[in-house]
Amino acid sequence: MPSSAPEPFRTAISTLLTTTVRPQARVERIRPPQRLAPWTFAVAVDIVPTGSSSASGPEPATGRLVVLYDPDGSEAWDGEIRLVAYAQADLAPDMAGDPLLPAVGWSWLTEALEQRSAAHTAVGGTVTQTTSTRFGDVHGPTSTTQLELRGSWTATSTDLSPHLLAFVDLLCVAAGLPPEGVAVLGDR
């Protein structure tokens, strides 16, 4: 982090980097997009079920969380710190035709922000569901269903910990993991 970065941005990124997430989440710093704001920062979040290694194949849910900071604020943002989230998850094929899937996917974000008390304003975004079918010599499953969420909101404080935790919660729900601290009972 450059020492020339404004104090609110440095504080916000510091809270993000010191947040402890659940063991199924792997958070890595990535190169942020340029020219969206005077100051930017980004992390990638991959959900890896317990007992899996990162070499075992694709994660069931993955995403990016980008922090945009403009000390002059933005009328569209309704503040100075804007968070932009992109999440993608593979879903069970039987969910492909569910007309409520986009609304449910969006509720995963809004409920996670609320449950983590991530103070915010100006939330908006889109949810897309896709089904792909492979033919011929294309390797992989015959059919896949994916949910893609793109959302953004403005943090009303420089403490970004609850925002990262909410984003991890969203990805875990999309991956079909139980809430943190809840154990799944096996078959008897």
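**Sheet, helices and core**

Me: Starting with S6, which residue is the bridge partner of Ala89 there?
Reply: In this predicted model, Ala89 has Leu147 in S6 as its bridge partner. The pairing behind that is between strand S4, residues 79–91, and strand S6, residues 143–155, which run antiparallel and are joined over eleven bridges.

Me: And what about S5 and S6, how many bridges there?
Reply: Strand S5, residues 120–133, pairs with S6 over twelve bridges, again in the antiparallel sense, and Gly124 stands opposite Ser152 in S6.

Me: OK, zooming out, in what order do the strands of the sheet come?
Reply: The sheet is open and is formed by six strands in the order S1-S2-S3-S4-S6-S5, with antiparallel pairing. Its edges are strand S1, residues 25–30, and S5, each of which pairs on one side only. On average, neighbouring strands are turned by 15° against each other, if direction is ignored.

Me: How many bridges join S1 to S2?
Reply: Six bridges join these two antiparallel strands, and Arg29 stands opposite Val43 in S2.

Me: Switching to helices, where does H1 lie?
Reply: H1 lies across S2, S3 and S4, and runs at about 10° to S2. H3, for its part, packs on the sheet and touches S1, S2, S3, S4, S5 and S6, with a direction that makes about 15° with that of S4.

Me: Which residues of H1 are buried?
Reply: Within helix H1, residues 7–17, the buried ones are Phe9, Ala12, Ile13, Thr15 and Leu16. They are on the same side of H1, because they cover an arc of only 160° around the axis.

Me: What do they pack against?
Reply: The buried residues of H1 pack against strand S2 (39–47), strand S3 (61–74), S4 and helix H3 (161–174).

Me: Now the largest nonpolar core, which residues touch the most other members?
Reply: That core has 42 residues, and those touching the most other members are Leu16, Val45, Leu65, Val67, Leu160 and Phe167. At least two residues each come from H1, S2, S3, S4, helix H2 (101–115), S6 and H3, and H3 gives the most, with nine residues.

Technical notes: Residues numbered from 1 in each chain as written. Predicted model: local features only at pLDDT ≥ 70, side-chain atom pairs only at ≥ 80, totals over all residues. Heavy atoms only, no water. Pairing = 2+ DSSP bridges. Helix = DSSP H or I, 4+ residues; strand = E, 2+ residues; numbered from the N terminus. Buried < 20%, exposed > 50% of the residue type's maximum accessible area, 1.4 Å probe, protein only. Arc of directions from axis to C-beta. Contact = heavy atoms within 4.5 Å. Core = buried A, V, L, I, M, F, W, Y, C linked by side-chain atoms within 4.5 Å. Axes fitted to C-alpha atoms, helices over the stretch in contact; angles between N-to-C directions.
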